[in-house]
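Here is a short briefing on one protein model. Please look over the sequence and the structure before reading on.

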Amino acid sequence: MKRAFVIVLALSLALALFGCGKQSATQSGAVAPGTDGAAPAEPASWDYDVETLRDEQRFTADDGTVVATKTTELPRLVLKNAGGAADAEPPAEMRKICDAFNGGVSELNMWDIDIEEIADQAREQYESRKREGIEFFASVDELTIENVYRRGDLLSVLARGYVDLGGAHPDWYLCSWNFDLGTGRFVDSVGLGEDPAAMHEMIADHIVEDICASEERAYYNDSFESLIPELNYYEAYFDENGMTVYFQEYQIAPRALGLPQFTIPYAELSRFLSADGARLLALTAEEKAN
């Protein structure tokens, strides 16, 4: 009996020593087989960003004189890794949304002119004026990005255009792109409303009231009060102040008034938004109240 007790005691001590040794190795930093000791990389965090694509073209006459220039800035939606694994691939759905925006930007630029045809005409004009000793001015076509604004899923980009083709005076115009980052679709002002007809009426009433209350009321076309409600589409852009509806030269007023613009505050706009429009703009309680 005593001999059996000694054998059991010896085995117990051996097991205890083996266990302590194993625990000590783990606590001292031993690495389990198959690992390199590095902490796992954090998942990549992707977000959208807007870059400016700038293209410049110059056209010259035979003697090297510049007869026409074209400068175009267009927004390009890209994905930026805001942190995490540097070699991670962006989500396929986000890439599709970028492709939808970038593919539609050029198509929605209705003011894009054929500069090569303009340049050919400018060359002829230059040679003619040079023979007659008349001063020549090169044709100019410019589109530059003026503002990029994002809130919630809404991305709104405003660009300003300038065109001088040698006429009596140059022309200005505005161009905007409003895009839903959640659905990958371009949106228009009236389409944000729960009832498009009511949204249209609200926009028209707001513009007419602003004109009637302005000091420039007398300069507008006599028919503006009936013309504005009859328009079937309102061009607009968004910024921190609300939705701004704009018109091109001569559309509702003489050239002297330039490009008329009318801002509708978010508080007024919020009463007409559809559920999708509310999701898109993500208005705060303060914005809805003010």
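The points below cover the sheet, the helices packed on it, and the aromatic contacts.

The model is predicted: local features need pLDDT of at least 70, side-chain atom pairs count only at pLDDT 80 or more, and totals for chains, interfaces and linings use all residues. Residues are numbered from 1 along each chain as its sequence is written, and side-chain values use heavy atoms, with hydrogens and water left out.

**Sheet**

- Six strands form an open sheet with mixed pairing, in the order S1-S2-S3-S4-S5-S6. Strands (E, at least two residues) and helices (H or I, at least four) are DSSP runs, numbered from the N terminus. Two strands pair if DSSP finds at least two bridges between them.
- S1 (46-60) and S6 are the edge strands; each has a single partner strand, so one side of each lacks a neighbour in the sheet.
- S2 (residues 66-81) runs parallel to S3 (residues 139-151), with five bridges. Threonine 72 has leucine 143 in S3 as its bridge partner.
- S3 pairs with S4 (residues 154-164) in the antiparallel sense, over eleven bridges. Arginine 150 is bridged to leucine 155 in S4.
- Two residues separate S3 and S4 in a hairpin, and glycine 152 in the turn has a positive phi of about 55°.

- Contact means heavy atoms within 4.5 Å.
- Axes are lines fitted to C-alpha atoms, for helices over the stretch in contact, and angles run from 0 to 180 degrees between N-to-C directions.
- H3 (residues 115-132) also packs on the sheet, touching S1, S2 and S3, at about 160° to the direction of S2.

**Aromatic contacts**

- There are nine aromatic pairs. Rings of Phe, Tyr and Trp (its six-membered ring) pair if their centres lie within 6.5 Å; planes under 30 degrees apart are stacked, over 60 edge-to-face, and the rest tilted.
- Phenylalanine 101 and phenylalanine 186 are stacked, at 5.7 Å centre to centre and 20° between the planes. This pair joins H2 (residues 92-107) to S6 (residues 185-186), across 85 residues.
- Phenylalanine 179 and phenylalanine 186 are edge-to-face, at 4.9 Å and 65°.
- Ring pairs link Phe101, Phe179 and Phe186 into a cluster.
- Phenylalanine 101 is buried at 0% relative accessibility, as is phenylalanine 179 at 0%. Phenylalanine 186 is partly exposed at 27%. Buried means under 20% relative accessible area, exposed over 50%, and partly exposed in between (1.4 Å probe, protein chains only).
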